Amino acid sequence: MFDFLFRPTHTAYLKRASALLEEAQMARIEHQAAAEHHSALARMYAERARRLENELYRQPRAAEHGTEAVAVAVEDRPQLYSLDGSRKATTHPAGS
């Protein structure tokens, strides 16, 4: 007699499946947004690494061309800032 109380109904199953589908779709959207964010960060860090490599390796090549090239290379370098803002861009005299 009490079988009908404990047996899940067809509509209850459909409601639960619908709720699970919505949850899965929301998780997919959230993970897709996170993937786009991480992809953008990866591109940003690749560009940063490229700029830092140029910063490190450009000056020695300019030194081979004489002191004027060194002065130009120092002036052409982008400023690097620390998080606290205390780092100032400095230009060193040629040959020092």
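These legends describe close-up views of one predicted model.

**View 1. The chain as three helices.** The chain holds three helices and zero strands. From the N terminus on, its elements run α-α-α. Helix H2 covers residues 10–63. Helix H3 covers residues 67–76.

**View 2. The salt bridge between Arg50 and Glu47.** A search of the whole structure finds one salt bridge. Its partners are Arg50 and Glu47. Their closest N and O atoms are 2.4 Å apart. Both residues lie in helix H2. They sit three residues apart, about one turn of the helix.

View 3. Arg50 has a relative accessible area of 40%. For Glu47 the value is 33%. Each value falls between the 20% and 50% cut-offs, so Arg50 is partly exposed and Glu47 is partly exposed.

**View 4. The surface of the chain.** Of the 96 residues in the chain, 5% are buried. The chain exposes about 8700 Å². Carbon and sulfur atoms supply 59% of that area.

**View 5. Confidence in helices H2 and H3.** Mean pLDDT for the chain is 75. A pLDDT of 70 or more is reached by 52% of the residues. Among the elements, H2 has the highest mean pLDDT, at 92. Helix H3 has the lowest, at 52. The salt bridge of View 2, between Arg50 and Glu47, lies within H2.

**View 6. Residues 89–96.** Here pLDDT stays under 50. For residues 89–96, the model has six contacts beyond four places in sequence.

Technical notes. Residues numbered from 1 in each chain as written. Predicted model: local features only at pLDDT ≥ 70, side-chain atom pairs only at ≥ 80, totals over all residues. Heavy atoms only, no water. Salt bridge = Lys/Arg side-chain N within 4 Å of Asp/Glu carboxyl O. Helix = DSSP H or I, 4+ residues; strand = E, 2+ residues; numbered from the N terminus. Buried < 20%, exposed > 50% of the residue type's maximum accessible area, 1.4 Å probe, protein only. Areas by Shrake-Rupley, 256 points an atom, 1.4 Å probe, with all protein chains shown as cover. pLDDT = per-residue confidence, 0-100. Contact = heavy atoms within 4.5 Å.
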